[in-house]
Amino acid sequence: MSAAYEKYMALPIDKGLLCLKQEDIATPYFCYPVNAEPIGVEGCILYCFLPEYGDLVFACNPESCADQNVYPLAASFEDFIRLILACGTVNPVEQIVWMDQRQFEEHMANEAKGLTKEQKAAVQQLQRELGLLPMENPFEYVKAMQKDFDGSNIQYSDEYFEVTGIENPRGTDIPDQP
């Protein structure tokens, strides 16, 4: 883990205000990689590191509007925070996967109207404490991260392959249904 991640975790900020609740995942969803190292959750969306991809930050969304359930958001935790600083919460960052530029701009305008004073204060404290600047072009940054991403090293459970109907490269122990 990076020093910025360790510092972030120690901050007395209500991370739920950033849409990154800190809670145990009692029952993981089918698409959560088996070796995911959680950063936080927003509803059913898990934000995490995957050891086989180093410092990349991922979103894992069982209700994704995109063709995949797990996708990269940032090359490093520092960039992930810079995206949050630019967008106010992690929600718009995660939504980029299925949006075009116009949809993202509309979403950002709506999100900005809905940010509470507490959320704005949390973002300001995050920026002050970590000494990072907001990402200049969050949409282009995330789209570039996701373009041509090779997810073949993501370690899924057998349940993932059962739910999606994708052939399990490890095979399965499930007998054929009559």
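Helices here (H or I, at least four residues) and strands (E, at least two) are DSSP runs, numbered from the N terminus. By that scheme, D148 sits in the loop between helix 6 (138-146) and helix 7 (158-164).

## What you're looking at

This is a predicted model, where local features need pLDDT of at least 70, side-chain atom pairs count only at pLDDT 80 or more, and totals for chains, interfaces and linings use all residues. Residues are numbered from 1 along each chain as its sequence is written, and side-chain values use heavy atoms, with hydrogens and water left out.

## The nonpolar core

Let's start inside. A nonpolar core is a set of buried Ala, Val, Leu, Ile, Met, Phe, Trp, Tyr and Cys residues joined through side-chain atoms within 4.5 Å. Buried means under 20% relative accessible area, exposed over 50%, and partly exposed in between (1.4 Å probe, protein chains only). The largest such core here has 58 residues, and Y47, F77, F80, I81 and L126 have the most contacts inside it. Helix 2 (residues 77-87) supplies the largest share of this core, seven residues.

I81 is a handy one to click on. Leaving aside neighbours within four places in sequence, I81 is in contact (heavy atoms within 4.5 Å) with Y8, L126, L130 and L132.

## Helix 1 and its two partners

Two packed helices are described by the angle between their axes and the distance between the axes. The axes are lines fitted to C-alpha atoms, for helices over the stretch in contact, and angles run from 0 to 180 degrees between N-to-C directions. Angles under 35 degrees count as roughly parallel, over 145 as roughly antiparallel, 65 to 115 as roughly perpendicular, and the rest as oblique.

Helix 1 and helix 2 pack at about 50°, with their axes 8 Å apart, which makes helix 1 oblique to helix 2. Here A4, Y5 and Y8 of helix 1 meet F77, E78 and I81 of helix 2. By class, that contact has five nonpolar, no polar and one charged residues (Ala, Val, Leu, Ile, Met, Phe, Trp, Tyr, Cys and Pro count as nonpolar, Asp, Glu, Lys and Arg as charged, and the others, Gly among them, as polar).

Now for helix 5. The axes of helix 1 (residues 3-10) and helix 5 (residues 117-130) come within 11 Å and cross at roughly 135°, so helix 1 is oblique to helix 5 as well. A4, K7 and Y8 of helix 1 make this contact with L126, E129 and L130 of helix 5. The class count is four nonpolar, no polar and two charged residues.

P92 is in helix 3 (residues 91-95) and counts as buried, at 0% relative accessibility. Not counting residues up to four places away in sequence, P92 touches C87, F104, H107, M108 and E111. P92 and A109 are 17 residues apart in sequence and 10 Å apart in space, C-alpha to C-alpha.

V41 lies in strand 1 and is buried too, at 4% relative accessibility. With residues up to four places away left out, V41 touches C19, L20, K21, E23, I25 and L46.

## Positive phi without glycine

C19, one of the residues touched by V41, has a positive phi of about 70° although it is not a glycine. C19 is in the loop between helix 1 and strand 1 (37-42) and is buried, with a relative accessible area of 16%.

D148 also has a positive phi, near 60°, and is a residue other than glycine. D148 is exposed, with a relative accessible area of 67%.
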